[in-house]
Amino acid sequence: MNSGSLEAYFPSALPERWAKLVGSEGVQALADVGHSLDRSPAQKAMMTPSPEVVLRAFHTPPEAVRCVIFGQDPYPGQSHASGLAFSVEPTVTTLPPSLRNIRQELQDDLALRLPAHGDLSPWADEGVLLLNRHLTTLVGSPGAHRTLGWTRFTDAVVRGLVSTEQFFVAVLWGREAAELKPLLGDTPLVESAHPSPLSARRGFLGSKPFSAVNRLREDAGFSPIDWSLEES
């Protein structure tokens, strides 16, 4: 990190191709979020995930994005947030409830064998951008950073991707993700309730989102996504 300053670090940690895509407004939004956190050392100390992985989703180059799954904000559990929406590190043994529901739906939809861990990084390798609308929160406090300004940045990400006119499918799980519809234009959508325990049985479980994404891609003449998580 740059002398401990998140105001400087966040913009510098964003890969150049993404910085170009989100433009000066998006880069400034990153700096502004960092500035707000720098001004509150207590919040900064309790922030999750760690600064080095906050922008991990953007390791996937913009031109490689084939699907975007939108989350709300990172898991608030200690060491749960990994920088990829809905994912945890392979070492996490007690999986968050939303992730358990995602895994159940993946198995029901595609009949895939699942590993014991909840690491979704193989999806990122397939061009699935696992993007939370808010990229940080506080340990133990879900939604703590929803007024910090993260949506200025993530909205710029969406606008940038749409402006490229490349084909990708947007997966909108829940109300907050659905708020992005006006920015997505003609992007093909897969929508349902959020996978959290509070709403999963009101439209997420049984929605078959993974096969729906692949059907949209194949109908448009593009290759399907390999949703498997277990090494062959």
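## Reading the model

This is a predicted model, in which local features need pLDDT of at least 70, side-chain atom pairs count only at pLDDT 80 or more, and totals for chains, interfaces and linings use all residues. Residues are numbered from 1 along each chain as its sequence is written, and side-chain values use heavy atoms, with hydrogens and water left out.

Helices (H or I, at least four residues) and strands (E, at least two) are DSSP runs, numbered from the N terminus.

## Two backbone spots to look at

Most residues other than glycine have a negative phi, and most peptide bonds are trans. The bond from Thr48 to Pro49 is cis, with omega near 0 degrees. Ala111, in the loop between α4 and α5 (121-125), has a positive phi near 55 degrees.

## The sheet

Four strands make an open, parallel sheet in the order β3-β2-β5-β6; two strands pair if DSSP finds at least two bridges between them. At the edges are β3 (128-132) and β6 (189-192), each pairing on one side only. From one strand to the next, the twist averages 15 degrees.

Strand β2 (residues 67-71) joins β3 through five parallel bridges. Within β2 and β3, Gly71 has Asn132 as its bridge partner.

## Helices and their partners

Axes here are lines fitted to C-alpha atoms, for helices over the stretch in contact, and angles run from 0 to 180 degrees between N-to-C directions. Contact means heavy atoms within 4.5 Å. Helix α9 (residues 209-219) lies across β2, β5 (169-173) and β6, at about 155 degrees to β5. Helix α4 (residues 97-110) also meets α9: their axes come within 7 Å and cross at roughly 55 degrees, which makes the pair oblique. Angles under 35 degrees count as roughly parallel, over 145 as roughly antiparallel, 65 to 115 as roughly perpendicular and the rest as oblique. On the α4 side the contact uses Ile102, Glu105, Leu106, Asp109 and Leu110, and on the α9 side Pro209, Phe210 and Ser211.

Helices α2 (residues 16-38) and α6 (residues 150-164) pack at about 175 degrees with axes 8 Å apart, so they are roughly antiparallel. Among the contact residues are Trp18 and Leu21 of α2, and Trp150 and Phe153 of α6. By class, this contact has 11 nonpolar, four polar and three charged residues; Ala, Val, Leu, Ile, Met, Phe, Trp, Tyr, Cys and Pro count as nonpolar, Asp, Glu, Lys and Arg as charged, and the others, Gly among them, as polar.

## The largest pocket

A pocket is an open set of points on a 1 Å grid over the protein atoms alone, where a 1.4 Å probe fits, with protein on both sides within 12 Å along at least five of seven lines; lining residues have an atom within 4 Å of a point. The largest one has a volume of about 530 Å³, volume being the space filled by probe spheres set on the points, which are joined across faces, edges and corners. Its lining has 29 residues, with Gln72, Asp73, Tyr75, Ser98 and His194 nearest the centre.
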